[in-house]
Structure formats: structure tokens, C-alpha cells
Amino acid sequence: MIQNLVAIFLAAILTENYVLNQFLGICPFLGVSKKVNTALGMSIAVTFVMVLATAVTWPLYTYLLVPNKLEYLETIVFILVIAALVQLVETILKKYIPSLYNALGVYLPLITTNCAVLGVTMLVIERGQADATFGYVESLVNAFGAGIGFLVAMVLFAGVRERLELCDIPKSLRGLPITLVAASLVAVSFLGFQGLVDGLLG
Amino acid sequence: MNDILLPILIVAGIGLIAGLGLAIASIIMAVPKDEKAEAVLEILPGANCGACGYSGCAGYAKALAAGEAKPGLCSPGGEAVAKATSELLGVSGDVEYKTALVHCLGSYDFTTDKMEYDGIMSCAAAAQLAGGITSCRFGCMGLGDCMKACEYNAITVCNGVASIDPAKCKGCSKCVSACPKGLISFVPLKEQAVVRCNNCDKGAVTNKVCGIGCIGCTKCVRVCEFDAVKVVDSHAVVDPAKCTACGKCVEACPRHCITLFKVPEQKH
């Protein structure tokens with residue numbers, strides 16, 4: 001059981017990294033990764049929202065939508081729930097951690113439309129349908145791992161970008177182009193983890 | 001009928017619950033807004049330049065409203081803003097005008113480059129190589145980081161040294177933080193003698209690398225009747241509060257690195 005959870009957690013971080021392997025959540029990945037500090041704050045907020053969203057959407061789907069045969073409402077209900085949750089997180093941050101609230105700025109509302117969050121909530125349900133042992137706890141662990149994976153990708157990339165700042169980049173590549181090139185190289189490096197988790201725990 | 005009604009009810013119900021939850025949360029966790037600070041923020045120019053020493057206009061407005069800061073620190077706003085804020089807050093506000101000054105005169109007439117620099121045209125980059133590209137390790141390299149930082153086109157780089165036009169300087173301090181050598185600092189906007197050298201090496205070393213650098217000979221100290229000049233870290237420093245702009249130190253300086261600062265006409 002625990003070994004299974006660890007495997008899910010590690011897989012979500014390394015082999016199934018939502019940003020670098022499944023290319024979800026690219027907007028904050030490129031937008032907030034200029035500094036390690038804000039990248040860290042943003043990823044923690046995303047992790048929090050991911051776990052919270054999964055914790056709410058999974059029971060909603062399983063105990064409300066499925067018995068009523070309303071599986072097709074999945075997307076719209078999930079978007080609704082995530083939007084409300086992000087708003088809640090924003091209110092909480094504004095009250096208790098204003099420095100993080102200021103640092104995140106416009107990107108906090110952007111978590112609402114962050115496809116990584118929606119992706120995590122929908123993909124865990126898809127996985128649960130394919131594999132009966134993938135239940136609520138596994139979904140939560142997967143969501144947490146996805147958030148940590150987002151954090152790892154963000155912080156790594158922020159470090160890369162901080163070094164890029166000091167480089168003499170050809171004029172035509174400055175700004176977003178070199179950032180995208182760097183992002184693709186970081187994503188390629190994550191391909192190296194393929195099969196690692198199975199080899200470790202399998 | 002049920003096929004349509006049930007989904008509508010479920011989605012509307014979730015929306016209603018979420019909306020109510022958010023409304024309650026926003027009431028419970030409402031952040032009290034400082035009305036005074038908001039009013040002050042309206043008056044401030046909104047340039048967010050940081051000349052006041054606070055993090056942008058919002059930070060300054062907050063400090064003003066809390067009574068922690070004095071009005072008149074806002075250089076871009078000048079007298080009009082100082083007057084408006086002091087009226088609003090009911091305190092007196094005298095404006096301290098100041099201007100940024102480059103404390104170096106080491107143009108190519110007096111210094112040489114010790115290397116042929118072919119890197120990024122930025123002082124910050126050049127300063128990492130062997131203490132900078134100019135012969136004097138404290139001197140202006142003239143690659144214009146301050147010029148790029150200035151939003152008011154007040155800075156020009158000519159013959160390897162930057163100079164700031166006090167008529168255009170708004171005192172926003174962007175150049176101060178841009179200079180990797182720390183050569184730019186504020187002086188009050190009044191007639192005074194200023195030492196245009198920041199070299200902390202001993203006189204003999206300074207003499208080798210620069211034709212105009214202060215060698216710390218203390219002639220200016222002896223000639224000053226108002227005790228305004230001191231030699232600190234092997235170079236002279238004028239205390240602007242004591243200086244009367246009599247010009248004696250300017251005449252006495254054998255290196256001509258003390259100049260008389262004049263207030264530009266339109267700033268009186």
C-alpha cells in the first residue's frame with residue numbers, strides 16, 4: 001500500500017511531471033519563473049489548490065455525478081469548483097500572507113485557468129476508471145505529487161532563467177524565444193527519468 | 001424532464017454553495033483598507049520610482065498615513081505633492097530637493113583602459129573583470145548602466161565618464177542602484193563644493209591610475225574655514241550642511257577634483 005503510494009508520488013514528480021512531460025500549466029511555468037522566490041510561492045499555491053481541488057472534485061464526481069449518470073458534467077463542475085477554490089485561496093492569502101499575495105500578483109487568479117489543476121483533477125478520475133485500486137487516497141497523493149512536480153519544474157527552470165539573464169544572447173532570441181528553447185531542453189532532460197520509478201520500486 | 005432539470009439543479013447548487021462560501025469568507029477575512037493611505041496615494045505621482053526610500057508609491061502612502069514618514073520625500077512630485085500631502089495629513093512639509101551626482105571625473109583625458117573590453121556593453125558585466133576596465137578600480141567605466149536606468153534622459157556618457165544634468169534629474173535613485181561602483185549618490189540641491197572622486201587607494205596609487213583623482217593631500221581640509229571638508233578613506237569629502245560654497249577648496253585643490261556645484265536656473 002505504502003510502496004504503491006510512494007510509487008504514485010514519485011511518478012507524479014518525475015516521470016509524469018505535469019509541466020515537463022504532459023505540458024500542462026505552461027502559462028505560469030513561463031510567466032512566474034523569472035525568480036526562484038516567486039516560482040516557489042506560485043508552486044506552493046498551485047500545489048495547495050491541486051490537492052484541495054482533488055479533495056473536493058473526487059467525491060463530487062464519485063458520489064454526485066456518477067450515481068445520477070451525469071459524468072458529462074465533469075468539466076464544467078470541476079471548473080466551477082476550482083474557480084471558487086482559487087478565489088478562496090486568494091482571500092486567505094490576502095489576509096494572512098500579504099507578501100506572498102503581492103509577489104504572486106496577477107498569477108494567482110491565473111491559477112483559476114491553470115490547466116494543470118484541471119488536468120490533475122480530471123486525469124486522476126480517468127485513472128481511477130481504468131484501475132479500480134486507484135481510489136481517493138491515491139488520487140490525493142497523485143495530486144500532491146503533481147504539485148511538487150510543478151514546484152520542481154518551476155524552481156529548476158527559474159534557476160536556468162536566472163543564469164540566462166547573465167548570458168550574451170543573440171538579439172533575435174532574447175526574451176521569450178530563448179525561454180522556450182530553455183524550457184524544451186529542461187523538458188528533454190526530464191525524459192531521462194523515464195522508467196526510473198518502475199525500476200526503483202517495481 | 002428530469003434529465004434536464006437534475007443537471008441544472010446540481011450545477012446551480014454547486015455554484016450557489018461556492019458563491020455563498022466565498023461571500024462568507026470575504027466577510028470573515030476582509031482586510032481593512034486604510035482610507036488615509038488611499039487618499040495620499042491619489043495625490044502621489046504613481047511613478048513608483050522609490051526615491052522616497054519606500055517600496056513604490058503605495059508603500060510611501062502607507063508610511064505617510066501611519067505617520068512614519070515625512071511629506072516632501074517625493075522627488076518627482078516636488079513641491080506641489082508635498083504641499084498637498086501635508087495639507088491632507090495636517091503636518092508641515094518642507095521639500096528637500098536633491099540631485100544625483102557622479103563622484104568621478106576620470107574621463108579618457110585622465111585615465112586609460114587597462115584592457116580591450118569586448119564583452120557585454122554593461123558596467124555590471126565589466127565590473128566583474130579584474131575590478132573593472134578602467135585603470136582606476138573605483139572609477140567610472142563609462143558603459144552607461146546609469147544612462148540606461150535613467151527614465152528622464154538626465155545622464156550622458158561622454159569620453160568615458162557619466163555626468164548627470166541636475167536640471168533633468170528627478171532624484172529617483174535608479175542610477176544610484178545601477179552603478180556597480182557606487183559612484184552615484186545624492187547631494188542636496190544647493191550651491192556647494194563637491195569632491196568628484198571616490199578613490200579609496202593611497203595617494204601614490206591614485207596618482208598612477210588617474211590624472212585627476214583625489215590623493216588625500218588635505219590641502220582642502222586646511223584651507224576650509226567652516227570645517228566642512230574631511231579626508232575619509234584617502235579621499236576628501238565635503239559636508240554639504242557646512243559648506244558655504246566659498247570656493248577656497250576648489251582653488252586649493254592641486255588635482256582639480258573639487259568642483260563648485262551650481263543649481264540650474266529652472267530649479268530655483
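Guide: Let us begin with a term: buried means under 20% relative accessible area, exposed means over 50%, and partly exposed lies in between. Please keep in mind that this is a predicted model.

Visitor: Why is Cys217(B) called partly exposed?
Guide: Its relative accessibility is 29%.

Visitor: Why is α8(A) called oblique to α9(A)?
Guide: Helix α8 (residues 136-164) of chain A and helix α9 (residues 176-190) of chain A pack at about 135 degrees, with axes 10 Å apart. Roughly perpendicular covers 65 to 115 degrees and roughly antiparallel means over 145, so α8(A) is oblique to α9(A). The crossing of α8(A) past α9(A) is right-handed.

Visitor: Which residues meet there, between α8(A) and α9(A)?
Guide: On the α8(A) side they include Val152(A), Leu156(A) and Phe157(A), and on the α9(A) side they include Ile178(A), Ala182(A) and Phe190(A). The residues of this contact divide into ten nonpolar, one polar and one charged.

Visitor: What makes α3(A) oblique to α7(A)?
Guide: The axes of helix α3 (residues 36-65) of chain A and helix α7 (residues 115-130) of chain A come within 9 Å and cross at roughly 40 degrees. Roughly parallel means under 35 degrees and roughly perpendicular covers 65 to 115, so α3(A) counts as oblique to α7(A). Among the residues making the contact are Trp58(A) and Tyr61(A) of α3(A), and Val120(A) and Gln129(A) of α7(A). They divide into eleven nonpolar, four polar and no charged.

Visitor: How do you know that Thr91(A) is buried?
Guide: Thr91(A) lies in helix α4 (residues 74-96) of chain A. Its relative accessible area is 16%. Buried means under 20%, so Thr91(A) is buried. Leaving out residues up to four places away in sequence, Thr91(A) touches Ala25(B), Ser26(B) and Met29(B).

Visitor: Is Asn153(B) buried or exposed, and why?
Guide: Asn153(B) has a relative accessible area of 59%. Exposed means over 50%, so Asn153(B) is exposed. It sits in the loop between α6 (145-149) and β2 (155-158) of chain B. Phi of Asn153(B) is near 50 degrees, a positive value in a residue other than glycine.

Visitor: Why does Ala245(B) count as buried?
Guide: Ala245(B) has 16% relative accessibility. The buried class is under 20%, so Ala245(B) belongs to it. Ala245(B) is in the loop between β7 (235-238) and α10 (248-252) of chain B. Although Ala245(B) is not a glycine, its phi is positive, at about 60 degrees.

Terms used:
Residues are numbered from 1 along each chain as its sequence is written. Chains are lettered from A and ligands numbered from 1 in the order in which they are written. This is a predicted model: local features need pLDDT of at least 70, side-chain atom pairs count only at pLDDT 80 or more; totals for chains, interfaces and linings use all residues. Side-chain values use heavy atoms; hydrogens and water are left out. Buried means under 20% relative accessible area, exposed over 50%, partly exposed in between (1.4 Å probe, protein chains only). Axes are lines fitted to C-alpha atoms, for helices over the stretch in contact, and angles run from 0 to 180 degrees between N-to-C directions. Helices (H or I, at least four residues) and strands (E, at least two) are DSSP runs, numbered from the N terminus. A crossing is left-handed if the near helix is turned anticlockwise from the far one by less than a right angle, and right-handed if clockwise. Contact means heavy atoms within 4.5 Å. Ala, Val, Leu, Ile, Met, Phe, Trp, Tyr, Cys and Pro count as nonpolar, Asp, Glu, Lys and Arg as charged, and the others, Gly among them, as polar.
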